[in-house]
There are 2 protein chains.
Amino acid sequence: MSIDDPNSYSLGSFFLALASIFIVGKIVSSLFVKYKQPEVLGELIAGVLLGILGLIPLYGELGYDFFHLLSEVGVAILLFEIGLETDLDDLINVGLPSLIVGIIGVVAPFGLGYFTVYTLADLNFVSFGSETAQFLTALTIGATLTATSVGITARVLSELGKLKSTEAKVVLGAAVIDDVLGLIILAVISGIISTSSISGTSDISISSTEILIISAKAFGFLILAILLGNLFTKKLFIFIYNLKARGSLLLGALAYTFIFAYLAQFAGLAPIIGAFAAGLLLAKTNQKDLIEDRLKPVADVFIPIFFIMVGSAVDITAFNPFIKENIAVIILALVLFVVAIIGKVISGIGAYKLNVNKLVIGIGMIPRGEVGLIFASMGLVSGVLTKSEYSALTIMVMLTTFIAPPLLYKFFRDK
Amino acid sequence: MSIDDPNSYSLGSFFLALASIFIVGKIVSSLFVKYKQPEVLGELIAGVLLGILGLIPLYGELGYDFFHLLSEVGVAILLFEIGLETDLDDLINVGLPSLIVGIIGVVAPFGLGYFTVYTLADLNFVSFGSETAQFLTALTIGATLTATSVGITARVLSELGKLKSTEAKVVLGAAVIDDVLGLIILAVISGIISTSSISGTSDISISSTEILIISAKAFGFLILAILLGNLFTKKLFIFIYNLKARGSLLLGALAYTFIFAYLAQFAGLAPIIGAFAAGLLLAKTNQKDLIEDRLKPVADVFIPIFFIMVGSAVDITAFNPFIKENIAVIILALVLFVVAIIGKVISGIGAYKLNVNKLVIGIGMIPRGEVGLIFASMGLVSGVLTKSEYSALTIMVMLTTFIAPPLLYKFFRDK
């Protein structure tokens, strides 16, 4: 007998859920690979299936269930792996184009989303009680449209063997910029919403000093992490490499990644930005190839869990056009989806000085992650968004996630 | 920005906890390896340290926190790995000695524990209100002493490169027998306690039919799993090997393991017995070496978490002799510890027909896992055990876990 009560139910069902994720994930994605489609799209769809079948149980009451935490480990390992294959100097070389792409990719969707709301109101498609309500809705929908989720694109670029391309570097750099800008927008919007909802006015309550502090903290983290990391990382990994215990190098690399993820969050950034920085730093160590080699099977286990969990969050019933209430939601979702694509695709022109496929860069910026959903749920909870608007935004986020992989395959795969 | 609210606290602290486990685990165990001591003992002690420092936070409210579930995955992978390196035919060849070792290893500690309680009562070291209370305490303490936790021994045998030895096979076989017997004892004792506690009598309420059913289910699972598994596993893994998606073979092997773990629990056995059976079956496939190779880094990540979690469960304050109440508990614990060692070490004579190191087999049976603690906590909750008796049993379990690795190193390491 072993560590647990053999009669307990949840341990067995937990093993079964994990097995289901692996089996359904690999079968569906193998079919996609067979027909030369994005493997990651197969995992997303496997997630949708598992969600419909109810095969992913939820654990925990703290807002993070077990599989959600596993998926966070997965996306951190993904970005670490991407960082490991990226040359920091190359990334700095495309710094300016990345900055421009990142800024356009935030400003354009925000502006387009904002004016879409006003246009729809003028067309009497939606109506708002007051000008303030309309302003707040426009702000929230605009903000939801801004945040790129780089995980999907990074994975597809990896599948296509294009991680060393200039396009990949511009997108990865722009994703970092996007994250910092997203952080600032989050602070500003939540400041506006929290005062406006109470006072009914649209005064901006957050001070420019606060915005400066948030920005300085985020950029400061990135610069400090890279500079300090450069000082001691090589020596640290010579030490770790010489440790005698089984798996020291792999666990050392993972611990390093997780600490950077922690520090990134401490600076207000997404943990995966820290994981990406950790990969960039370890790319310069002598142990890089060994780490990459030993990380691969671990990545194979954890990364699919992330994409499957993203897929499993899709509420398929929201797409049912036979339910009358869904139709307006679907139309609004499709309008926002078109806006979401245009807003990001035009960001590709930011790389105007480079001899690259600008369309690919724009497409790479399309996927929105659950950060978009955070904006949306903030809007829902504060009463700024109606349930329909919230559902439409959810559908828009999902569609951007599903459209990017096939588009990248179409426009960036070698013939 | 990524999948989660970058301002949430728990995600960052979760990454930090995971990093702490890896860092402290590898530093302490590397020191042990350096001085030619058991690596696993280093991980147990790292767990004690992490527990004292409070660096392992608990998640979830369902009785299984996140790290506990990770550790379950770890011990399942460990037993799968051990199964993969074990030849089923060899195991069947040592079937009879294993059976005898397993039976002695259950009967001897149970009898010794039972009579220790009566002896201590005669010496007025402990006193019980009634004869029934004394009988129930003796039963519960005896039962707690029976269940071997094979994870520790398996890991040490692996470290010593002795998994192919006959001693290893006898211990592994005996652990399976032990698990089945433990299951039967658990059913019997909980039947006795649940009626006796209410009626105040010591009638045995569980029928022999029920015991037969439980035994048949457990043995039936093992035999069916091996027979049916033999029929389709080779073909299944040729199919899985030909799947195109990244990591299909590794994830297929893990899913197979987890399904067997689920089925074992469904049959009333510990999940790790199923994982072990899965390893035995995959050992006969053509993909065995590939699976072993790709599993290694994943095992390096998960397995230490199990041993660290076992270590972190140690309540160090129970060992403080300066707290007066602890002294009687410590004496009782030490008496039970001696009984626990003798009871298992003599089980080695069960392999009397083989030309093996019988002391090593006996030592290999010493470690008690948390199943012992399940018996103990059942006793505590039902009021059969006092808090002191419960604490003494907890200490006894911990000591058996910590004593086995150095003893195996001493008596089984090649000079």
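1. Helix α11(B) is a buried element of this predicted model. Its buried residues are B:Pro271, B:Ile272, B:Ile273, B:Gly274, B:Ala275, B:Phe276, B:Ala277, B:Ala278, B:Gly279, B:Leu280, B:Leu281 and B:Leu282. Because twelve of the twelve residues of α11(B) are buried, the helix is largely enclosed by the rest of the structure. The length of α11(B), residues 271-282 of chain B, was also checked: at 1.5 Å a residue its twelve residues should span 16 Å, and the end C-alpha atoms are 17 Å apart, which agrees.

2. In chain A, helix α11 (residues 271-282) packs with helix α10 (residues 248-266). The two axes come within 7 Å and cross at roughly 135°, which means that α10(A) is oblique to α11(A). The crossing in which α10(A) passes α11(A) is right-handed. From α10(A), the residues A:Ala253, A:Tyr256, A:Thr257, A:Phe260, A:Ala261, A:Leu263, A:Ala264 and A:Gln265 take part; they meet A:Pro271, A:Ile272, A:Ile273, A:Gly274, A:Ala275, A:Ala277, A:Ala278 and A:Leu282 of α11(A). By residue class, the contact of α10(A) with α11(A) holds 13 nonpolar, three polar and no charged residues.

3. Chain A as a whole contains 16 helices and zero strands. Of its 415 residues, 58% are buried. Among contacts in chain A with a separation of 6 or more, 79% join residues 24 or more positions apart.

4. Helix α13(A) may be considered next. At 1.5 Å a residue, its 22 residues should span 32 Å, and the end C-alpha atoms are 32 Å apart, which agrees. Buried positions in α13(A) include A:Val329, A:Leu332, A:Ala333, A:Leu336, A:Phe337, A:Val339 and A:Ala340, and A:Lys344 is also among them. The partners against which the buried residues of α13(A) pack are α5 (95-122), α14 (358-364) and α16 of chain A.

5. The packing of α13 (residues 324-345) with α16 (residues 387-412) in chain A has an angle of about 45°, with the axes 8 Å apart. These two helices are therefore oblique to each other, and α13(A) passes α16(A) in a right-handed crossing. On the α13(A) side the contact is made by A:Ala328, A:Val329, A:Leu332, A:Ala333, A:Leu336, A:Phe337 and A:Ala340; on the α16(A) side, by A:Ser388, A:Ser391, A:Ala392, A:Leu393, A:Ile395, A:Met396, A:Leu399 and A:Thr400. The contact of α13(A) with α16(A) comprises twelve nonpolar, three polar and no charged residues.

6. In chain B, helix α16 (residues 387-412) is paired with helix α7 (residues 150-159). Their axes come within 10 Å and cross at roughly 25°, which makes α7(B) roughly parallel to α16(B). Here too the handedness is assigned: α7(B) passes α16(B) in a right-handed crossing. The contact is formed by B:Ile152, B:Thr153 and B:Val156 of α7(B) together with B:Thr401, B:Ala404, B:Pro405 and B:Leu408 of α16(B). Five of these residues are nonpolar, two are polar and no residue is charged.

7. B:Thr137 counts as buried because it has 22 C-beta neighbours inside 10 Å. Leaving aside neighbours within four places in sequence, B:Thr137 is in contact with B:Val117, B:Phe128, B:Val384, B:Leu385 and B:Glu389. B:Leu385 is 248 residues from B:Thr137 in sequence, yet their C-alpha atoms are 6.2 Å apart in space.

Note on methods: Residues are numbered from 1 along each chain as its sequence is written. Chains are lettered from A and ligands numbered from 1 in the order in which they are written. This is a predicted model: local features need pLDDT of at least 70, side-chain atom pairs count only at pLDDT 80 or more; totals for chains, interfaces and linings use all residues. Axes are lines fitted to C-alpha atoms, for helices over the stretch in contact, and angles run from 0 to 180 degrees between N-to-C directions. Helices (H or I, at least four residues) and strands (E, at least two) are DSSP runs, numbered from the N terminus. Angles under 35 degrees count as roughly parallel, over 145 as roughly antiparallel, 65 to 115 as roughly perpendicular and the rest as oblique. A crossing is left-handed if the near helix is turned anticlockwise from the far one by less than a right angle, and right-handed if clockwise. Two residues are in contact if their C-beta atoms, placed from the backbone, lie within 7 Å. Ala, Val, Leu, Ile, Met, Phe, Trp, Tyr, Cys and Pro count as nonpolar, Asp, Glu, Lys and Arg as charged, and the others, Gly among them, as polar. A residue is buried if 20 or more other C-beta atoms lie within 10 Å of its own, exposed if 12 or fewer, and partly exposed in between; C-beta atoms are placed from the backbone. The expected span of a helix is 1.5 Å times one less than its number of residues.
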